[in-house]
Structures are given as C-alpha cells and as structure tokens.
Amino acid sequence: MSAVTESSVVEAVTKELFIGGKWTPAGSGATFPVSDPATGAVLCEVADASAADGLAALDAAVSAQADWAAHPPRERGEILRRAYDALLARQEELALLMTLEMGKPLAESRGEVAYAAEFFRWFAEEAVRIDGGYAVAPNGTGRFLVTKQPVGPSLLITPWNFPMAMGTRKIGPAVAAGCTMVVKPAEQTPLSMLALAQILADAGLPDGVLNVITTSDAGGVMEPVIRDGRARKLSFTGSTAVGRLLLEQCADKVLRTSMELGGNAPFLVFDDADLDAAVEGAMQAKMRNIGEACTAANRFYVQRGIADEFARRLTERMSALPIGRGTEDGVVVGPLIDSAAVAKVDELVEDAARRGAEVLTGGATVDGPGNFYQPTVLTRVPADARLSREEIFGPVAPISVFDTEDEALAAANDTEYGLVGYVYTNDVKRALRVSERLETGMVGLNQGIVSNPAAPFGGVKQSGLGREGGTVGIEEFLETKYVAVSL
Ligand code: ADP
C-alpha cells in the first residue's frame, strides 16, 4: 500500500454524487469547498447537489427497492461484513481523512472508524434474525401470520460530529432490513461518507441501494425529496431545531421517522462515589469528540461534600490537555467545527460568568488560525445560565453543587432534552433509584461513555424518537405485516 499522507487520502475520495451505482457531478456542475477546521485551509471541492439531483437519487433508490427487498438476508449481511473488514483494513487512511475534515484527534478518529465498522458487524448478524410469528386467534378458528418487511426507500441525514459512525448506524440496519436509501451527509464532513459509499460498492452492494448526495443547501435539496412521498422513512441525526422542521415535512406524506436530536446531559456525582472514577468518567463524558457530541456531559451536579475536590481535580486534568491540530502527536483537544461554534461556546461561557459563575480554567478562545477553544471548567454555575439549558457542544464543564438526591434529580430533569444522564455513586439502591428517575433514554452508571452498537441508543422528550443499534435498531427499518388466515 502507498504511504498514507494528507493529500493522498483526500485525493483517493471521489468527490461526486453517488447515484444508481455511478459517480456523477452535480447536474449544475456546481461544487462547494470542504475545509480543515484546524487551519481554515480548503481541502477540496465536492459536488453541490440541487433538488433535481436529490430527486434523481430518490428515483434510483425507488427503482432498486423491490429487488433489494428480495435479496437473501444472508447476502445482505455478508455485504455488511465485507464492508466491516474493509473499514478496519483501511482504518488509518479513513481516520486521517476524518481528522482532516472534522478536526478530532487521530486517536479518536481511529476509534470512530472501529466504532463505525462495528455497526456493520452488528447488523450483518441482525440481517438473518428478522423474525415473525404464527399464532392461533383467540376464537380458535383463525390464525395470525406475522412477518416483517422493509419499510422501503429511506432518507438518511447525518451530522458532522461523527461523520462515519452516524452513517453506519443508519446504513447498517437499512441494508440489513432490505431498504434502499438516499444519504445526505453534513456539508462540513462529506468526505468520510463518500469514502464509505465506495467501500460499500466494493463490498458488493447492488447499484441504487445506497445513493449519496452532498450539498451546501440541505433544506433546499431535502424538502422536495421528503415531500415527494416515495421515500417511506426518514432517519435523522442532528439538532432538535432541524429535527422539528423535518418532522413537520414528514407529516405531509406520513413518513416514518427516527430522530436522534440534541442533548443536555446531566452528570451527577454523589458523596459516596469513587472520586477517581468520577473524574475519569467526567473527562470522557465531557471531552470525547472535543465536547461535540449529543451525549456530552453538559451540566455537572456534584454533592456538597466532594464538590470542591471534584472541581479541583477536574480543573487539573482539563488545564493539562494538549490543544492542537488533530493530526499532531499527543493532541487531545482539536478545533471546533467552525468559527460559529467557537463564538457560541464563548458566548455561553461569558453569559455564565456574567451571572456569577467562576472560571477555574480556560474561558477563552485560542489565538491563531483554526477554531480552537480552551478546555474550561466553571463552578457556581447558576440555574439560569444559558449553558444550563442549551447544548454547549464544546470543551466546557459547568459545575453546580447540590445537597440532596431530590434536588439533584429536579435539576437534572429540568430540561426539554432527555438523551442521556450520568450517575456516579457506590450505593446500589441509589444507583438504581436515580437511574429510574432520570428522564433520559440512556444512563451511564459509573461510566462516562454509553454508546455501543449492540445497545439501544436514543432519547426521550425533545431528544428524539426511536432507537439506533441493539436488537431494536433494525426494527426502525421494518414494518410488521399481519396476515389474517382462515383455516
Ligand atoms: P448542527 O447544528 O450540529 O450542524 P444540524 O441539525 O444543522 O446540526 O445538521 C445536521 C444535519 O442536518 C446535516 O446533515 C445538515 O446538513 C442537515 N440539515 C440542516 N438543515 C436541514 C434542513 N432544513 N433540511 C434537511 N437537512 C438539514
């Protein structure tokens, strides 16, 4: 294999639309730039699809649907399994590509490629486990035959923070279930998805099953595709604001939806917790992906007895983190995705400070090129600070102190979001009590990372609808068909 260099990995990607198994430029010939968030330099240009291109991709998905649904489940699984092997074999070049377009440190990009691949392995195994049923009707004469069928052509919209894993988490179950699809990656990070499309094609995915459109006009391209009505499903990962808009668009033709939306994760540390483990978990829950994750700990609530010590240790760890371009050795904190993200984080920190929060470390942007923000710890954060309500999506850890379990739970649940909560305690009864009372789809119990392809990921309240991964993940792409049988 030739050496993996920055230019070689960018060059290796076909920067066109992938429609019906063919690479094609945008109908208008337009392109848009993809930049390195660590330097601001343009990496390359990719095809800029219009609504007509989006509809052409939908045509391809619709044409391929019937044959694909009839494709043997075992073979569908084996395509995913081959793609899993290919992802791991090419982990190094794909990680570099991801770091270049998204900014996260190389070690995290390698981790994401492995995590992304794992969804393909998991759903390769699930493809052959789609079940059904046969039962006697209560009156004893009729029979119920129940089977599962693919939902049909599906639209998959993915975000920039996990450019590959958020794709495989949707593509894996769609392929396994027998759905064709149109995928629209985020405009900031299209390259990982384009590379993935080629890997799936090489793994034997038939033409038209996966179509990828890149565009700088997500709304203008996707709305007509959604409203067309031939797609039967939309799976979206992104902000709650866009999710809400897409739900409205889907209502028109009653598309099924899966929505992985924003989060505002509380991180509760009780006096009886293992403090070393809590600080370690806090670092993971806060700093994975530079804080740019919907699962990121957004609010730390620490019981009074250990609050000062927790803040001291977290500050020590946060202030020691090396900041830099994700390609550099030892860097832990890469750039945020764009200058707007930096401005938003800075605004939230300033707002908290104005309302009385104390900045223990960080609290400022980093001079020079790129979109860097210092790892930041705040204490005495008041409940009315904006960052108690809004997703920070950056390396900022706000700490508040509580006295009682009830108080902690009330604060934790005082949000429209409900994706994940983290709980650190060594009291087993409290652990289960608090886990049950947290209004979230997921809980990290003495654990700072919950994501796992074999587990059901998703939120309640305005964090979304549906679950991805686990044994339920494939259900999002299946319909239940009931046949009433007369004997
Ligand atoms: P973020 O604010 O983190 O970028 P978004 O929700 O804006 O999150 O983006 C997530 C995904 O949704 C991206 O692929 C983006 O292009 C897409 N998107 C944004 N706005 C729309 C829209 N109006 N219609 C369809 N997709 C959209």
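Colleague: Taking a salt bridge as a side-chain nitrogen of Lys or Arg within 4 Å of a carboxyl oxygen of Asp or Glu, how many salt bridges does the structure hold?

Modeller: The structure holds 37 salt bridges. This is a predicted model, in which local features need pLDDT of at least 70 and side-chain atom pairs count only at pLDDT 80 or more, while totals for chains, interfaces and linings use all residues. Residues are numbered from 1 along each chain as its sequence is written, and side-chain values use heavy atoms, with hydrogens and water left out.

Colleague: Fine. Which side chain does Arg256 meet in a salt bridge?

Modeller: Arg256 pairs with Glu479, at 3.4 Å from N to O. Arg256 sits in strand β11 (residues 256–260) and Glu479 in strand β20, so the bridge ties together parts 223 residues apart in sequence. Helices (H or I, at least four residues) and strands (E, at least two) are DSSP runs, numbered from the N terminus.

Colleague: And how accessible is Arg256?

Modeller: Arg256 is partly exposed at 25% relative accessible area, and Glu479 is partly exposed at 35%. The cut-offs are buried under 20%, exposed over 50% and partly exposed in between, with a 1.4 Å probe and protein chains only.

Colleague: What does Arg304 form a salt bridge with?

Modeller: The partner of Arg304 is Asp403, with the closest N and O atoms 2.8 Å apart. That pair also links distant parts of the chain, 99 residues apart: Arg304 is in helix α11 (residues 304–319), and Asp403 is in the loop between β16 and α14 (405–413). Asp403 is partly exposed, at 37%.

Colleague: Where are Arg389 and Asp414?

Modeller: Arg389 is in helix α13 (residues 386–389) and Asp414 in the loop between α14 and β17 (420–424), 25 residues apart. Their side chains meet in a salt bridge of 3.4 Å, N to O. Arg389 is partly exposed at 39%, as is Asp414 at 41%.

Colleague: Which residues are linked in a network of salt bridges?

Modeller: Asp276, Glu309, Arg312, Arg313 and Glu316.

Colleague: Switching to rings. How many aromatic pairs are there?

Modeller: Nine aromatic pairs. Rings of Phe, Tyr and Trp (its six-membered ring) pair if their centres lie within 6.5 Å; planes under 30 degrees apart count as stacked, over 60 as edge-to-face and the rest as tilted. Tyr115 and Phe119 have ring centres 5.0 Å apart and planes at 65°, so they are edge-to-face.

Colleague: Why are Tyr115 and Phe119 about one helical turn apart?

Modeller: Because Tyr115 and Phe119 are four residues apart in helix α5 (residues 106–126). Tyr115 counts as buried at 13% relative accessibility, and Phe119 counts as buried at 1%.

Colleague: How are the rings of Phe270 and Phe402 arranged?

Modeller: Edge-to-face, as the centres of Phe270 and Phe402 are 5.2 Å apart and the planes stand at 70°. The pair spans 132 residues, from Phe270 in the loop between β12 (265–269) and α10 (275–287) to Phe402 in strand β16 (residues 396–402). Phe270 is buried at 0%, and Phe402 is buried at 2%.

Colleague: Which residues form one aromatic cluster?

Modeller: Phe267, Phe300, Phe310, Tyr422 and Tyr424.

Colleague: Last one. Which residues around the ligand come nearest?

Modeller: Thr158, Trp160, Lys184, Glu187 and Ser239, out of 17 residues around the ligand, each counted if a heavy atom lies within 4 Å. A polar side-chain atom of Glu187 is 2.6 Å from a ligand oxygen. For Ser239, a side-chain N or O atom is 2.7 Å from an oxygen atom of the ligand, and for Trp160 that distance is 3.0 Å.

Conventions: Polar contact = N/O pair within 3.5 Å; in protein donor to acceptor, adjacent residues only side chain to side chain.
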